[in-house]
Amino acid sequence: MNVLKKVLLLVLIAVTVSCQKTKVTKVFTEKDISIIPKPAALQLQEGSFEFTENTQFVATDAAQKEIASILIDKFNETSGWSLELVEQAPAKDFVQFVVDEKLADEAYTLVVTSDKVLITAKGNAGFLYGIETLRQLLPASIESAKRISSGEWVIPNVTITDQPRYKYRGLMLDVARHFFKMDYLKKTVDRLAMLKMNVLHLHLVDDQGWRIEIKKYPKLTEVGGWRVDQEDKHWDGRYTPTADEKGTYGGFYTQEELKELVAYATTKNVEIIPEIEMPAHVSSAIAAYPELSCFGTPIGVPSGGVWPITDIYCAGKENTFEFLEDVLTEVMAIFPSKYIHVGGDEATKTNWEKCPHCKKRMQSEGLKSVDQLQSYFIKRMEVFINSKGKRLIGWDEILEGGIAPEATVMSWRGVAGGVEAAKQGHDVIMTPGSHCYFDHYQGPQNEEPLAWGGYTPLSMVYTFDPTVDTMTPAEAKHVLGGQANVWSEQIKTEAHSEYMIFPRLAALSETLWSPKESRNWENFSNRIVTLFSRFDYMGINYAKSAYLVTHDVQIDMKTQEVSLSLKNEFPNADIRYTLGDKKLTEQATKYTQPLKIDKTTTVHASLFKNDQPVGVPFNTTIEFHKAVGKKVTFKETYDDQYKGEGEFGLTNTLRGTKNFTDGHWQAWLGKDMEAVIDLGAATAIQEVTLGTLENQGPGIYFPTSVTVFVSTDGKTYKEIGVEKRDFAKNPSFDLKDFKISFEKQSVRYVKVVATSLKTLPNGGKAWLFVDEILIN
């Protein structure tokens, strides 16, 4: 029996080893392929290729080996394999780079068969994008930094032919308003490459910080790189430091650090374009060297918002241009990029109008306006930049007064500037705020971290197209591509920056890379879910805002019935809801049509995937109170900009959100609100609540007090309660209910007086926003 047991054991071991060596066979469908951006052409074949510990990568030079290491390193982390790099292809089980000079610079083909994987390209850019596509064919778990014990690294047999629609596919990071470390910039480069983006535009200079070492002018970073720490206050609620106050918040990059970043980005086919602002957004430089301004007045580095921007470079002094040429000479030695970005936006030229140096310059150059003086400024800098073999990019304001001859326009105030530049024969990069400003909100403000106004959800980004339909074919040829911008006034941390960039950058990547005719939101919505899993493994703090359920509410004032609609960004979304205190489980009711509500009701809802709720659940209470549908009269009518829903706006059960432009709020500028509600008949009440909003950035402040008066005849009122609140600096934005309770009594008329903050820290007028008045 012992001999028989040994024989059986040996057979079992042999069978086990044989099974371990047998490759996995898996049947794929097109739904299993979730590549973003979508390839230009993909054909699914029968069969599959499995990566094993014996798979080899065939690379013939150092660049190919570096590109191969992207996957080799991932297999090492997830499986513990040390996959071999070789220069000659074996019989099978290998990935090989093949050179084809006939392909375009960034084009590639990827052919996967059961025996091998071939990536064909003209050069390193195509090989990189081929390997990134191969990476996305693998399970999302390939991104894991931890060992995967049971990973099956099987991909479908496919033939992919791919190349970009646009040659410029960029992301701008504002490192001037808030400074981000070099490691984060490198991670951003990696993620750009994964999504086949090829430009990182670094906004290195602004009023609030100078972030690049300039050896000839050390005070640019010694002084301009640091500001007084007021990070506990709203960006637009910070005081202006004096010239002698020492800054402690900030940082800068040394030239060696930036050269290292450029070298690293080159291996990822990412060009880094520096932006050195001029003539405005340069308070940090003027704080370091006041003589660069018109009047030489010493200033401090601003800690927050600056408007209007009047501390700008003097266009009349020669030393201004000597300084900028010196700065750009050092900048161009660091960045081999084709372009140098000079900003050129938002210059308030009131000092130029008064400056004797500027007046003299205008006279000697025959200039008729300060706009023409700015044009002179930019054109002069372009001549210098061109003399160094570079090209100038500026924001679309450089069109004002006459554009520099060879300048490229970055159109941010919509697409009109880009269209006009293209008509004049200039190259254009489209980056309209409506679709490409990733500092905007991407979900309901009540659920989102602080952002810089606006609403740019994932689905809106996906509708972006850099080429405008009205363009002629000749004009369209001038559109180089598009870019996302992440202005960082409200973005203090790397985690917050990631949240604003992802997943919207994935949507933008597809609009810039993939053929227009292949774009399909429903198809993209399915593929983005797989990318979310990849992001999870990568540890990216991406926004899940696209999962959020949003709502629209209408009320029939005659029947006093509310119609509540639920929606989500994803098409055919499985939204389920419960009412009252019922929990959201798989048994929740599937939403199919607007809910009709005629009494106080709490609604919970969520998007469901695989019978499980995903994302942050939606919760709201439609509160029917004794003032619903009752007419409100005001001592002074609300401002025309913020009318809410008119005369019934404060008594229609609908509540304003943290988005002060949501159409629900009624507002007064520099005035108190005095509202009278006629309940129609004597009614027993014991509580009055006033909803308010505070967002100190745009000047919206809580009232300092809310007082309630009651009357039986509408003539004689008695004060019945008051809630006071002292002014406090608030860097966030908040909702607050002022609630006044009292002994139950029968009244017909209720007067609510909200007292506005009378004097702002900057001397301006305060906005008072209210919605709604609830009476119970």
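My entries on cavities, ring pairs and charges over rings follow.

**Entry 1: cavities**

I noted before anything else that this is a predicted model. Then I asked how many cavities of 30 Å³ or more the structure holds. I found two.

I took the largest cavity and looked up its volume, which is about 50 Å³. Its lining includes Glu694, Gln696, Arg725 and Asp726. Phe702, Pro703, Thr704, Phe727, Ala728 and Leu757 also line this cavity. I sorted the lining by class and got five nonpolar, two polar and three charged residues.

Next came the second largest cavity, with about 30 Å³ of space. I listed Gln442, Leu458, Pro503, Arg504, Ala543, Ser545, Ala546 and Glu569 as its lining. By class, I wrote down four nonpolar, two polar and two charged residues.

**Entry 2: aromatic pairs**

I reminded myself that two aromatic rings are described by the distance between their centres and the angle between their planes. How many aromatic pairs does a search of the whole structure find? It finds 38.

I looked up one of them, tyrosine 217 with phenylalanine 323. The centres are 4.8 Å apart, and the planes stand at 70°. The pair is edge-to-face. I then checked where the two residues sit in the chain. Tyrosine 217 is in the loop between strand 11 and helix 5, while phenylalanine 323 is in helix 8. They are 106 residues apart, so I noted a link between distant parts of the chain. Are the two residues buried or exposed? Both tyrosine 217 and phenylalanine 323 are buried.

My next pair was phenylalanine 321 with phenylalanine 377. Their ring centres are 5.0 Å apart and their planes are at 50°, so I logged the pair as tilted. Phenylalanine 321 belongs to helix 8, and phenylalanine 377 to helix 11. Phenylalanine 321 has 1% relative accessibility, so it counts as buried. Phenylalanine 377 is buried too, at 0%.

**Entry 3: an aromatic cluster**

I looked for rings grouped together. Tyr462, Phe502, Trp521, Phe524, Phe532, Phe535, Tyr542, Tyr547 and Phe570 form one aromatic cluster.

**Entry 4: charges over rings**

Which ring does the charged end of lysine 196 sit over? I found the ring of tryptophan 513, with its centre 5.9 Å away. I also recorded lysine 751, which lies over the face of phenylalanine 709. Here the distance to the ring centre is 5.7 Å.

Notes
Residues are numbered from 1 along each chain as its sequence is written. This is a predicted model: local features need pLDDT of at least 70, side-chain atom pairs count only at pLDDT 80 or more; totals for chains, interfaces and linings use all residues. Side-chain values use heavy atoms; hydrogens and water are left out. On a 1 Å grid over the protein atoms alone, a cavity is a set of points where a 1.4 Å probe fits but cannot get out, and a pocket is an open set with protein on both sides within 12 Å along at least five of seven lines; lining residues have an atom within 4 Å of a point. Grid points are joined across faces, edges and corners, and a volume is the space filled by probe spheres set on the points. Ala, Val, Leu, Ile, Met, Phe, Trp, Tyr, Cys and Pro count as nonpolar, Asp, Glu, Lys and Arg as charged, and the others, Gly among them, as polar. Rings of Phe, Tyr and Trp (its six-membered ring) pair if their centres lie within 6.5 Å; planes under 30 degrees apart count as stacked, over 60 as edge-to-face and the rest as tilted. Helices (H or I, at least four residues) and strands (E, at least two) are DSSP runs, numbered from the N terminus. Buried means under 20% relative accessible area, exposed over 50%, partly exposed in between (1.4 Å probe, protein chains only). A charge sits over a ring if NZ of Lys or CZ of Arg is within 6 Å of the ring centre and within 35 degrees of the ring normal.
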